[in-house]
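Please keep the structure open beside it as you go.

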Amino acid sequence: MLQKTLIILLLVLGTLQAEMLTLSGSVTSDNQKMITSRFMGYVTSVNVSEGEKVKKGDILYTIDSREIDSAKKEAELSLQMYQDKYTNIMLNLNRNKRLLKKDMVAKYEVENLELAAQNLKNMIEIAKAKQQDVEHQYKYLNVRAPNSGVVISKKINAGDMAMPGMPAILLSDLTKLKILIEVAESNLAYIKYGTKVSIEIPSIKFKTIGKVSAIIPDSNPMTHTFKVKIAFKNRNKSIFPGMYAVVNIGVH
């Protein structure tokens, strides 16, 4: 009797196991940014370390202002030059207008001066806009965190030359965490958008229910697997990108 009961239990457990697809995955962030500087310059300070949590707006690192200082000085000189030329042109224009009333100069000379004055006025407005743009660029010398998160990697140090587009700091948003799994093509039929699944992160004994939030239609030609993202509510401050996760999906 006992042996018969054990056999039935094993059969039931086997059936339950067959109805559950267990896959390994890892925690990933849906909002991971590579931070770079907009301008070239020497890094004067780096205020964060790898693994450190930061808040939106925190200064990650700063670069010196020599490049912008040079551009500002050039813009100021250009503006002053156009303003001086405009002052001289207006003096000549007003003098020639008085002479025109006395028929002492030709009308076309006055018209040429008026045209030159208008051109210089336009150049002054352009120079002013350029000067304001350069001054606005000073705020980018302090490279700030675009959102709260954790520093995944830091590839820049004080004294380094920061270059536009050069990777400096990788920032991961801990409020946008998901589980990334790879599903075999043969099992893809069991995965639907919105499907509820059980999630476990063994290292911190975390268990919860998530749901399929994305099925990426781009298979790996070597393994014939598809990437699937699982969304879940993260109320645990100990969950970080890269953690090992186990996902159980019902296939019945």
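**Notes on the predicted model**

1. The chain's secondary structure comes to three helices and 14 strands, where helices (H or I, at least four residues) and strands (E, at least two) are DSSP runs numbered from the N terminus. This is a predicted model, in which local features need pLDDT of at least 70 and side-chain atom pairs count only at pLDDT 80 or more, while totals for chains, interfaces and linings use all residues. Residues are numbered from 1 along each chain as its sequence is written, and side-chain values use heavy atoms, with hydrogens and water left out.

2. On overall form, the C-alpha trace of the chain spans about 130 × 40 × 35 Å along its principal axes. The radius of gyration of the chain is 33 Å, whereas a compact globule of 252 residues would have one near 18 Å; the radius is taken over C-alpha atoms, and the globule rule is 2.2 Å times the number of residues to the power 0.38.

3. Buried residues make up 32% of the 252 residues in the chain, where buried means under 20% relative accessible area, exposed over 50%, and partly exposed in between (1.4 Å probe, protein chains only).

4. Helix α3, which covers residues 107–136, has 30 residues and reaches 44 Å from its first C-alpha to its last, close to the 44 Å expected at 1.5 Å a residue; the expected span is 1.5 Å times one less than the number of residues. The buried residues of α3 include Val110, Leu113, Ala117 and Gln131, and what covers the buried residues of this helix includes α2 (66–101).

5. Strand β5 (residues 59–63) is largely enclosed by the rest of the structure, because four of its five residues are buried. Three bridges join β5 to strand β3 (residues 41–46), and the two run antiparallel; two strands are said to pair if DSSP finds at least two bridges between them. Within this pairing, Val43 has Ile63 in β5 as its bridge partner. Three bridges also join β5 to strand β6 (residues 142–144), again antiparallel, and here Thr62 has Asn142 in β6 as its bridge partner.

6. With strand β14 (residues 244–250), β1 pairs in the antiparallel sense over seven bridges, and the bridge partner of Ser24 in β14 is Val246. With strand β10 (residues 177–184), β1 pairs in the antiparallel sense over five bridges, and the bridge partner of Ser29 in β10 is Leu177.

How values were computed: Contact = heavy atoms within 4.5 Å.
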